[in-house]
Amino acid sequence: MRKLFGHPDSGHAYKVRFFLCAAGIEHDYEVVDIWQPRESRSAEFQRVATLGEVPVLVEDGAVYAQSNAILLHLARQHEQWGGESAQRLNACEQWLVWEANKIGMCLPQIRSYERFEKNALLEGALPWLKARYESDISTIESALSGGQTWLLSGDQPSIADFCLCGYLFFADEANVEVPPNVQAWLQRLANLDAWQHPSKLLA
Ligand SMILES: N[C@@H](CCC(=O)N[C@@H](CS)C(=O)NCC(=O)O)C(=O)O
């Protein structure tokens, strides 16, 4: 038995939920109100979420937290979506570690500022985050410039694709530009049967 905890405003939860749905991995899903104080969340969530954040995946009593660690666990477990070989897993790990302190750091902060917390950043922080975004999105744009369908070779997306797209489906809310190769790749992900906008898939 598998259960994911998430919230519609969380791109970190979205990566995992979109992946689980696209991979056809059976799971239950529960919304945690991340806008409420941590101590008001369900006792079950407080017990499993030692770091207090969504997403958390509980699988037969074992707890997996942190979006990219959850994706790696699932790819290894199923030996698919990047988990087919040590070499492909290594390529995924590189993207997932890169994402966590590059686009996965700046884009959520920009989107949070634009969508929820105007004026919540210290002076100079927003231009710095936007410069980081420009640099990070150009890295992805250039990785997709060879005409390939997904980040890794092959005709099936890997956890690297699901990881990187998490917050990019919120790019409009962040008021940032998305370059053409990235747009086309996002459209390929959106064409997958399981795709739904985060506001629906995580509701
Ligand atoms: N590094 C974490 C980030 C998770 C995260 O920031 N979760 C946010 C929502 S996007 C959250 O749970 N916020 C509510 C809280 O911290 O109480 C991951 O990759 O899963």
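Is Trp81 buried or exposed, going by its C-beta neighbours inside 10 Å? With 24 such neighbours, Trp81 counts as buried (buried takes 20 or more other C-beta atoms within 10 Å of the residue's own, exposed 12 or fewer, and partly exposed falls in between, with C-beta atoms placed from the backbone).

A word on the model: it is predicted, with local features needing pLDDT of at least 70 and side-chain atom pairs counting only at pLDDT 80 or more, while totals for chains, interfaces and linings use all residues. Residues are numbered from 1 along each chain as its sequence is written.

Trp81 sits in the loop between α3 and α4, and Glu79 is in the loop between α3 and α4 (86–101) too. Helices here are DSSP runs (H or I, at least four residues), strands likewise (E, at least two), numbered from the N terminus.

| Residue | Phi | C-beta neighbours inside 10 Å |
|---|---|---|
| Glu79 | near 55 degrees | 12, exposed |
| Trp81 | about 55 degrees | 24, buried |

Most residues other than glycine have a negative phi, and most peptide bonds are trans. On the peptide side, Val54 and Pro55 are joined by a cis bond, with omega about 0 degrees. Pro55 lies in the loop between α2 (43–48) and β3 (56–59).

Both Val54 and Pro55 also turn up around the ligand, in a list including Ser10, His12, Arg38 and Glu53 (near means a C-beta atom, placed from the backbone, within 6 Å). That shell has three nonpolar, six polar and two charged residues, where Ala, Val, Leu, Ile, Met, Phe, Trp, Tyr, Cys and Pro count as nonpolar, Asp, Glu, Lys and Arg as charged, and the others, Gly among them, as polar.

Now the domains. The chain splits into domain 1 (2–79) and domain 2 (86–193), with bounds from an automatic or database domain assignment. Their centres, taken over C-alpha atoms, are 20 Å apart. Twelve residues of domain 1 are in contact with 15 of domain 2 (contact means C-beta atoms, placed from the backbone, within 7 Å). On the domain 1 side, α1 gives the most, with seven residues.

Finally, helices α7 (residues 159–168) and α9 (residues 180–190) pack at about 105 degrees with axes 11 Å apart. The contact is made by Asp161, Cys165 and Leu168 of α7 and Val182, Leu186 and Leu189 of α9.

Definitions and conventions
Contact = placed C-beta atoms within 7 Å. Axes fitted to C-alpha atoms, helices over the stretch in contact; angles between N-to-C directions.
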